[in-house]
Amino acid sequence: MDGVGRFREVLPMLMDPVAFAEAFVSGDAAGGCRVPSRGMERHRATLRSCGVASDARSRPAFAMKAFTTPKKDGRTARLVLDARPLNDAMRRPPSMDLPRLRDFIAEVERHRFAMQCDGVSYFYQFPVDASISRYFGIGMKGCDMLLNVLCMGWSWAPCIAQRASNVLVRDLGLAWVDNFLVLGGTLDEAERNVAVFRKRAQAARVEVRAEGDDALWQVRSRFVCVGVEFDLAAETQRHRLDPAWAERWVDGSGMTAVLSGRATARQFAEVFGGAVWATDILAVPRCHFAALLSFAGRLGGRMVGAAAPVWDEVVDVPPSARRELGALRKIVRENPWVVGGVPEDTGSVLWTDASSRAWAALLEAEGRFVDGRQGVFAGPDADAHINLKEMLAFAEGVVRLCWAPGAQRCRIDNAAVVGAVAKGSSSSYAANRVLSRSLRVAGRRGIVLRPDWVPSGGQLADPYTRRTSLPRFPAQLPLPRSRATPFDLF
């Protein structure tokens with residue numbers, strides 16, 4: 001069946017002991033460790049009866065600590081292996097091929113109907129060859145156990161699961177690890193794709209379950225998936241945060257602690273992670289929260305490689321970061337719908353550039369320069385890093401030249417600025433402040449910025465940063481630099 005023939009080919013790490021051994025850094029998989037688990041003995045019978053694990057007949061190569069975490073249904077638990085010793089001994093896994101959240105949302109909003117389902121205990125549906133299971137030992141009192149299935153905690157596990165999921169939904173929809181979304185532009189197309197997906201899952205012996213017993217294989221236009229609520233039935237497809245998640249984040253104890261100014265590092269990390277998730281889904285540029293990002297970066301630097309007790313230490317959250325978090329909290333509480341689709345092009349191109357001394361911005365339309373601005377850096381800006389000067393030039397161009405609503409193409413020869421504008425934030429506090437001003441103005445005018453990188457030799461604004469006065473508008477574009485003819489727009 002189409003797509004299923006390649007399904008098992010993405011699983012050599014679980015079925016081929018040679019491929020598994022080649023993933024070790026030293027090429028020698030004989031090393032190991034034994035770390036006992038606490039209280040896992042009471043789960044021995046359950047693990048054995050479910051086929052998840054079996055008693056080890058000899059000492060495992062790696063016998064590691066395991067623990068359980070409750071699932072969201074409140075009745076069952078998830079087994080997690082603390083596989084850090086094994087992960088440290090192996091190479092880093094390849095890319096998961098997990099779609100970016102914004103790309104995921106954009107793809108969903110190109111359709112009108114969807115069917116959502118998830119894999120039942122998905123990781124447990126990937127068997128591990130007996131010759132490999134000795135590397136997935138659980139240290140226990142009395143007798144260690146060996147996992148017979150893919151385990152959570154192993155660094156390669158998410159990659160294997162995601163790549164297998166991508167095969168199941170290829171040309172039918174999208175997958176987010178164990179969440180499957182089968183899509184269709186029409187009701188008939190969606191139902192046909194659902195039928196093909198079910199056949200693929202059966203052929204691959206993957207058990208899937210639709211959301212809710214009464215909604216088995218039901219095609220919908222409004223649903224919640226991966227923390228996002230979609231409404232594809234609206235005249236223009238739209239999305240927002242899952243209302244239940246938004247309520248928990250806004251009113252959670254961690255949020256209360258952080259806004260009070262004193263919270264544990266763990267509480268701040270959980271709240272900040274939710275803030276990043278919310279800004280992605282609600283399309284709120286993160287540069288508006290420069291102080292919050294700056295504090296999170298400093299705290300994150302301290303926490304890298306830190307032991308668990310450090311995460312429970314109380315930290316003081318600065319007032320500026322709390323104010324920005326409070327503003328985001330208000331947005332999340334309102335949870336507005338974000339309309340999908342691509343806006344119409346403005347028909348113009350913004351060119352911006354900066355040198356060590358000056359900046360220039362020009363607006364091109366129909367092959368001619370129709371407006372422009374230039375200036376000299378003064379005060380603190382004169383000593384700023386060139387990346388910040390390029391961001392200042394871009395901001396001046398947006399604020400002074402861009403007025404028409406729609407998708408505004410921008411040509412910039414600085415990769416750092418292009419990346420910051422594209423993702424809505426920078427690693428620099430100062431750059432975030434400047435970018436925030438640009439995006440606020442663009443948002444009020446209904447402008448969506450579309451930055452593109454151009455090589456320095458093709459930057460048409462460059463000459464006007466080097467003692468060349470702006471032309472009278474409208475003016476013809478300059479000739480390419482490779483020409484011997486000197487260009488002079490006067």
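I started at Arg84, which is exposed, with a relative accessible area of 54%. I note here that the model is predicted.

**Entry: Arg84 and its partner**

Which residue forms a salt bridge with Arg84? I found Asp82, with the closest N and O atoms 2.9 Å apart. I then looked up the accessibility of Asp82. Asp82 is buried, because its relative accessible area is 16% and buried means under 20%. Arg84 is exposed because its 54% is over the 50% cut-off. Side chains of opposite charge can pair when their charged atoms come close.

**Entry: the other salt bridges**

How many salt bridges does the structure hold? I noted 21. I picked out Arg44 and Asp55, whose side chains meet in one of them at 3.4 Å, N to O. This pair links distant parts of the chain. Arg44 is in helix α3 (residues 44-50), Asp55 is in strand β2 (residues 53-55), and they are 11 residues apart. Is Arg44 buried or exposed? Arg44 counts as buried, at 14% relative accessibility. Asp55 is partly exposed, with 32%. I also saw that Arg48 joins in: Arg44, Arg48 and Asp55 are linked in a network of salt bridges.

Next I took Arg102. Arg102 forms a salt bridge with Asp280, and the closest N and O atoms are 3.5 Å apart. Here 178 residues separate the partners in the chain. Arg102 is in helix α5 (residues 101-108), and Asp280 is in helix α10 (residues 265-281). Arg102 is partly exposed at 31%. Asp280 counts as buried at 18%.

I followed β12 to β13 (residues 228-231): 4 bridges join them. In this pair, Cys225 stands opposite Val228.

I moved on to another open sheet. Its 6 strands run in the order β22-β21-β18-β19-β20-β23, with mixed pairing. Which strands are at the edges? They are β22 (447-453) and β23 (475-476), and each pairs on one side only. Inside the order, I checked β19 (residues 358-365) against β20 (residues 368-376). They pair in the antiparallel sense over 8 bridges. Leu363 stands opposite Asp371 in β20. Helix α14 (residues 386-401) lies across β18, β19, β20, β21 and β22. Helix α14 runs at about 145° to β18.

**Entry: Ser426**

Where is Ser426? I found it in the loop between α15 (415-423) and α16 (429-444). Ser426 counts as buried because its relative accessibility is 19%, and the cut-off is under 20%. A polar atom of the Ser426 side chain lies 3.1 Å from the backbone nitrogen of Ser428. I then left aside the neighbours within four places in sequence. Ser426 is in contact with Ala420, Ala431 and Asn432.

Definitions and conventions
Residues numbered from 1 in each chain as written. Predicted model: local features only at pLDDT ≥ 70, side-chain atom pairs only at ≥ 80, totals over all residues. Heavy atoms only, no water. Helix = DSSP H or I, 4+ residues; strand = E, 2+ residues; numbered from the N terminus. Buried < 20%, exposed > 50% of the residue type's maximum accessible area, 1.4 Å probe, protein only. Polar contact = N/O pair within 3.5 Å; in protein donor to acceptor, adjacent residues only side chain to side chain. Contact = heavy atoms within 4.5 Å. Salt bridge = Lys/Arg side-chain N within 4 Å of Asp/Glu carboxyl O. Pairing = 2+ DSSP bridges. Axes fitted to C-alpha atoms, helices over the stretch in contact; angles between N-to-C directions.
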